Amino acid sequence: MSLEKVYEPQRFEPRWAQWWVEARLFECRMDAPGPVFSLVIPPPNVTGSLHMGHMLEHTEIDATIRWRRMQGYKTLWLPGTDHAGIATQMVVERELARQGLDRRQLGREEFERRVWQWKETYGDTIKRQMIRLGASCDWSRERFTLDPGLSNAVREVFVRLYEKGLIYRGEYMVNWCPRCQTALSDLEVVREETAGNLWHIRYPIHGLDRFLVVATTRPETMLGDTAVAVHPRDPRYRDLHGRTVRLPLVDRQIPVIADELADPEFATGVVKITPAHDPNDFEAGRRHNLPRIQVIGETGHMTAEAGRYAGLDRFEARRRVVADLEDLGLIEKIEPYQVALGKCQRCKTVVEPLVSTQWFVRTKPLAEPAIRVVEEGRIRFIPDNWTKVYFEWMHNIRDWCISRQLWWGHRIPAWYCGACGGTTVARATPERCAHCGAAALAQDPDVLDTWFSSALWPFSTLGWPDDTDDLRVFYPTSLLITGFDILFFWVARMIMMGLECTGDIPFREVFIHGLVRDAERQKMSKTRGNVIDPLEVTEKYGTDAVRLALLMGAAPGTDIVLTEERMESARNFANKIWNAARFLFLNMERSGVEPCRPEPGPRQTLEDRWIFSRLARCAEAANRALSQYRYHDLAQAVWQFLWHEFCDWYVEIKKLRFTENSGRTPDWQNVLSAFETALRLLHPAMPFLTEELWQRLTAGDLRRPTSIALAAYPQPDPSDLDEAAERDMALLQEIVTAARNLRAQMKLDPKALIEGALYSQNRALELAREHAEVIRRLANVQLSFHEGAAPKSEGVLRATPEFELLLRVPAAQLDAHRRRLEKEIQQLEKVIAAARRQLEDQEFLSRAPAQVADGIRSKLAEYEAQLAKSRSALEALPRA
């Protein structure tokens with residue numbers, strides 16, 4: 001029964017983590033009783049390892065699923081990973097480069113084989129880490145987005161949407177990454193405010209001795225201009241409608257068109273139109289039937305259409321173009337300008353808008369029902385402010401570019417006929433063209449955006465499109481817990497695809513958690529050097545301590561500030577519980593109490609009635625907190641009960657009741673019952689510590705569940721509430737605390753028994769008499785009891801509305817304390833006077849930084865408060 005003296009979680013956490021998996025504790029049986037509670041993991045990239053954001057998310061999910069499991073729900077937490085197209089291909093290509101190889105040298109089939117080989121070797125990193133950190137997933141249902149079943153679902157959805165006209169192939173402006181060599185969706189482009197320039201360039205008007213001045217942030221693209229535009233109602237340029245200008249450096253005549261794209265309020269009101277390199281210009285080009293001239297290629301270098309600038313990097317071309325325009329006297333002015341520069345989310349390369357033939361999802365028809373289910377309350381966002389953000393994006397949604405120029409991923413199920421040029425989209429590889437019957441078919445080389453398969457995750461992982469038992473039982477899922485950064489990447493698309501493919505919502509509630517930030521509230525990043533590695537800190541503090549530290553800061557709608565101090569504090573909490581358990585286990589042996597799942601005994605003492613009342617309130621608070629995703633309230637409730645009520649008071653009082661060889665007395669029944677219940681309350685937050693202690697505590701009970709994770713979660717019992725006991729205990733605590741504070745204030749020897757007297761005219765007197773031995777043992781004070789008011793000259797006094805407590809202190813100690821207070825008051829008066837002189841010195845205030853002056857004011861307030869306290873303490877001392 002005895003526990004190791006020191007709390008060392010590294011000794012038992014890995015053992016329980018492995019046992020939970022080997023015992024298949026969290027596999028959800030179809031014949032299990034109870035209502036269903038299911039959720040799917042936001043699948044981490046197969047390339048990755050856990051970061052602190054993952055650990056926060058997994059801790060919140062795990063706390064919720066453990067709670068529901070203990071409530072008797074049939075629970076499923078379905079784990080898995082995402083194939084992460086671009087990220088995985090980049091990792092493997094870097095590996096190949098180190099070997100002097102290139103994917104094109106290998107060919108597609110061999111490259112794909114190498115990626116699968118890499119996945120088999122390194123792809124289980126996150127799974128191993130999740131198991132170590134206690135994630136109570138059903139690993140028998142683990143999924144991967146390129147599994148055969150999920151691949152079948154992807155093809156089925158693509159074909160269905162294509163047949164309904166919701167997937168199409170077209171030539172459109174896309175975001176192109178020259179580094180990743182693929183198109184990107186709008187969401188995969190990060191906009192960064194960057195200091196740039198606005199170049200004002202003169203375009204000579206044909207047939208007139210005039211210029212049109214065009215302002216642009218990208219002068220290199222002017223080589224592809226096919227028009228300049230003015231606003232139809234701008235009177236300054238009405239006479240130029242239909243004329244042409246000479247495009248500098250190229251000597252090409254291009255028309256002046258009237259289009260509302262031109263903003264009369266911006267710069268000169270004239271804009272250049274480059275349909276091949278700007279999405280707005282692309283649409284203007286369509287309206288006016290303008291040609292498209294591509295002067296920047298897919299590698300970010302200038303094309304042959306750029307003339308003498310061909311082959312240059314686009315940014316070098318910019319420098320050369322500006323220099324040549326200046327030589328020709330065609331730069332009117334250059335002014336600084338903030339540019340929202342688009343960069344590839346993955347590799348940070350500046351993206352290039354290019355016209356390209358890609359596959360798209362027509363999102364408007366899918367978005368309308370997805371908006372409706374949230375409006376109707378069938379899906380609820382928590383916190384609610386994310387509902388407005390969701391609506392704003394969904395109402396302004398654009399078609400989704402889903403093709404990627406990669407080799408790793410779900411290959412697009414479209415085949416092009418070499419004979420008739422037709423396109424065949426099919427669930428299975430076709431042998432002949434659906435249009436002309438020819439056998440000359442070539443499959444589209446592109447793959448689908450990773451987020452396409454992820455959008456199907458809640459139902460594809462359960463067996464869709466087949467009508468499986470899992471799909472019938474667990475879909476729609478109950479809850480999704482995820483970060484705000486993938487609200488549109490993933491959450492919105494899952495809602496759209498779920499409704500379209502299954503006719504039902506994918507989940508009923510979406511809890512959006514915040515970011516994990518450092519002590520200065522800065523976002524964690526490698527460049528800042530403030531990243532906290534979850535594996536390092538769990539090794540240092542223990543997994544439970546890091547989990548609790550995260551939950552303590554996880555109030556809905558706020559970011560989580562994670563500091564070493566908070567993790568240290570959480571570890572101290574675990575250590576407090578460990579020490580309380582160690583004390584109980586040692587005394588169980590001395591008293592002859594065998595380990596067993598305890599049942600409460602008769603509640604004959606104040607402390608028993610009080611602790612079970614407080615336990616009921618803690619159970620109520622914990623259940624309410626978990627039901628509302630207020631994880632910080634859960635942490636606060638169990639912390640308050642276990643540390644400040646159970647350990648600090650209840651166990652301390654029970655120490656007075658235990659005797660050797662007593663057997664299982666009501667005192668033992670109650671203390672062990674309260675402790676066992678508290679462990680179950682704490683389990684969702686700190687699973688390892690609670691499993692270790694619960695297994696030892698209940699070892700003799702053959703009828704118990706195999707794990708605390710399968711034991712019932714405590715529910716509040718109204719019959720346990722005892723307000724009278726809570727009031728009496730609060731009063732008893734106040735008496736003990738007053739005596740302790742007086743002793744500390746007088747710097748009395750903690751081991752010396754001090755005599756004192758308690759004066760009161762109400763319940764305090766009776767209560768103190770009844771519990772005189774508790775007061776004596778907890779405060780080391782021997783009290784006498786009196787009605788009425790305390791005399792003012794017999795000792796040190798502490799007065800409250802309920803009682804007056806007087807300690808009879810030896811005269812020598814009283815004098816010593818008086819001298820200490822008088823000296824302290826003199827010192828405080830000196831520093832206060834000095835601080836006031838500084839703050840009254842106008843010359844000093846004019847020179848001192850504001851934070852220095854504010855610091856002095858803050859210190860002055862502290863000194864003045866301390867002075868008032870010391871004077872009050874001196875006045876309270878009996879006169880010599």
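A: Let's begin with one spot: Gly756 stands opposite Leu807 in E29. The model is predicted, so local features need pLDDT of at least 70 and side-chain atom pairs count only at pLDDT 80 or more, while totals for chains, interfaces and linings use all residues. Residues are numbered from 1 along each chain as its sequence is written, and side-chain values use heavy atoms, leaving out hydrogens and water.

Q: How many bridges join strand E26 to strand E29?
A: Strands (E, at least two residues) and helices (H or I, at least four) are DSSP runs numbered from the N terminus, and two strands pair if DSSP finds at least two bridges between them. Here, four bridges join E26 (754-760) to E29 (804-807), and the two run antiparallel.

Q: What is the order of the four strands in the open sheet?
A: The order is E27-E26-E29-E28, with mixed pairing. Strand E27 (781-787) and strand E28 (796-799) are the edges, each pairing on one side only.

Q: How many aromatic pairs does the structure hold?
A: Two centres and two planes tell the story: a pair of aromatic rings is described by the distance of the centres and the angle of the planes. Rings of Phe, Tyr and Trp (its six-membered ring) pair if their centres lie within 6.5 Å; planes under 30 degrees apart are stacked, over 60 edge-to-face, the rest tilted. The structure holds 37 such pairs. In one of them, the centres of Tyr168 and Tyr172 are 6.0 Å apart with planes at 70°, so this pair is edge-to-face. Phe658 and Trp668, in contrast, are stacked, at 3.9 Å centre to centre and 10° between the planes. That pair links distant parts of the chain, with Phe658 in the loop between helix H20 (631-654) and helix H21 (666-682), and Trp668 in H21, 10 residues apart.

Q: Are Phe658 and Trp668 buried or exposed?
A: Buried means under 20% relative accessible area, exposed over 50%, and partly exposed in between (1.4 Å probe, protein chains only). Both Phe658 and Trp668 are buried. Tyr168 is buried too, at 12%, whereas Tyr172 is partly exposed at 25%.

Q: How many disulfides does the count give?
A: A disulfide is a pair of cysteine sulfur atoms within 2.5 Å, and the count comes to zero. Cys344 is in none, since its nearest cysteine sulfur, that of Cys347, is 3.7 Å away. The sulfur of Cys436 is 3.6 Å from the closest one, in Cys417, which is too far for a bond.
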